[in-house]
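Hi,

Here is the structure I promised to pass on. Have a look at it first, and then read on for what turned up when I went through it.

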Amino acid sequence: MPAGEVGDFMPPTVAVSAMKATAKAHPIQGLVKYHGMRDEELRLPYHDSISVCTAPSHSKTTAEFDPSLAADELVVDGEAVTGRGRERIEAVVDHVRELADVDHAVRFHSENNFPTNIGFGSSSSGFAAAAMALVDAAGLDMTRPEISTVARRGSSSAARAVTGAFSQLDAGMNDADCRAHRIETPLEDELRVVAAEVPAFKHTEQAHEEAADSHMFEARLAHIHGQIADMRDALARGDFGEAFELAEHDSLSLAATTMTGPAGWVYWQPETLEVFEAVRDLREESVPVYFSTDTGASTYVNTTAEHVDRVEAEISKLVPTRVWEVGGPAELLDESVALF
């Protein structure tokens, strides 16, 4: 079972092996987003990042180390995983096997209850749930910040989905310092997210791979540390307007970097821009509302509990919507809800 949220990094202890476990995690919305990796194998980002988990959207994963299996069985949303997707899951599985000193094949099934690969962070919740389930199935005793270093090998964003709610991933060169931790803020109860769905396929990993080739990348690095400090301060004070204005501007900064890379990625669709304009029109009417995007066409529309009904009514005229609130950390589930 995962222990508390803090503590120095220690080699994980092994309690039992060859077990089965099921876990759930919520996807993240990037607020000050990471872009690019200094180490693609360990998925070490160039700079810190801050996000918030969205619920009730979630990924659920069941994992079992089974000596009777001849090879790993990896299934996501009912389909066997192949290609690069399989490689990324295997990176997490192999790391857990190494930590636990086990060599059994794994049966791994995962499912999502929200649209995937359209900009709503499914890789973050998927790898966070995977890490939680695999660590417990292998009998490892690790804190959530330590488990975040396991999840990070699949997706850097997944590290923050492990610790949940508002979290920060610290950049670093190893697992002792590149890990996630929770940020306490009074905005946890106030925030509502209108998820504006624009189903356009995205290529997040490729964009990360070429991030440093954009002539805008160094400019982004130059100001990102100030953005992190300002965001932490706004969250600590519970200043909704400042926090989510920062998130909106960071979305524009991220887009400028991706659009000026070698491939010229343009994720936004006409519907995305319509949502942006609707948000700005609402602000002209003194509604506290801000847009945010990750590497995708779908949009997070951030507002408060008091105004969410009005905001959703306007955005739903343009695209399909869902209303989310702040989600907690990744958690283990009862065996009765296992996927196999």
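To start with a helix: is α3 mostly covered or mostly open, and how many of its residues are buried? It is mostly covered, with eight of its eight residues buried. Going along α3, that list runs R144, P145, E146, I147, S148, T149, V150 and A151, so please note that the cut-off for buried is under 20% relative accessible area.

Before you go further, keep in mind that this is a predicted model. The average pLDDT over the chain is 92, and 92% of the residues score at least 70. The stretch to be careful with is residues 1-8, where the pLDDT is below 50. That stretch still has 24 contacts in the model beyond near neighbours in sequence. Where pLDDT is low, though, the predicted coordinates should not be read in detail.

Back to α3 and what surrounds it. Its buried residues pack against several elements: the helices α1 (83-100), α2 (122-137) and α4, and the strands β11 (140-141), β13 (180-182) and β18 (331-333).

Two packed helices are described by the angle between their axes and the distance between the axes. For α3 (residues 144-151) and α4 (residues 156-163), the angle is about 155 degrees and the axes are 7 Å apart. An angle over 145 degrees counts as roughly antiparallel, and α3 and α4 are therefore roughly antiparallel to each other. The crossing of α3 past α4 is right-handed. On the α3 side the residues involved are R144, P145, I147, S148 and A151, and they meet A158, A159, V162 and T163 of α4. Sorted by class, this contact has six nonpolar residues, two polar and one charged.

V275, A278, V279 and L282 from α8 make the contact with R310, V311, E314 and I315 from α9. By class, the contact between α8 and α9 has six nonpolar residues, no polar ones and two charged ones.

Next, some backbone details to check by eye. The peptide bond from A55 to P56 is cis, with omega near 15 degrees. You will find P56 in the loop between β6 (49-55) and β7 (59-66).

Two residues other than glycine have a positive phi. R43 has phi near 55 degrees and sits in the loop between β4 (37-39) and β5 (44-45). Phi of D101 is also near 55 degrees, and D101 is in the loop between α1 and β10 (105-112). Which way does each one count, buried or exposed? R43 counts as buried, because its relative accessibility is 3%. D101 counts as exposed, at 71% relative accessibility.

Now a few single residues. V75 lies in strand β8 (residues 73-76) and counts as buried at 14% relative accessibility. Leaving out residues up to four places away in sequence, V75 touches A80, V81, F108, H109 and S110.

Apart from neighbours within four places in sequence, V81 is in contact with L74, V75, V76, R86 and I89. Its C-alpha atom is separated by 9.9 Å from that of H109, 28 residues apart along the chain.

Last, what does E90 touch, not counting residues up to four places away in sequence? The list is D72, L74 and R97. E90 itself is in helix α1, and it counts as buried because its relative accessibility is 16%.

Cheers

Methods. Residues numbered from 1 in each chain as written. Predicted model: local features only at pLDDT ≥ 70, side-chain atom pairs only at ≥ 80, totals over all residues. Heavy atoms only, no water. Axes fitted to C-alpha atoms, helices over the stretch in contact; angles between N-to-C directions. Helix = DSSP H or I, 4+ residues; strand = E, 2+ residues; numbered from the N terminus. Parallel < 35°, antiparallel > 145°, perpendicular 65-115°, else oblique. Left-handed = near helix turned anticlockwise from the far one by under 90°. Contact = heavy atoms within 4.5 Å. Nonpolar A, V, L, I, M, F, W, Y, C, P; charged D, E, K, R; others polar. pLDDT = per-residue confidence, 0-100. Buried < 20%, exposed > 50% of the residue type's maximum accessible area, 1.4 Å probe, protein only.
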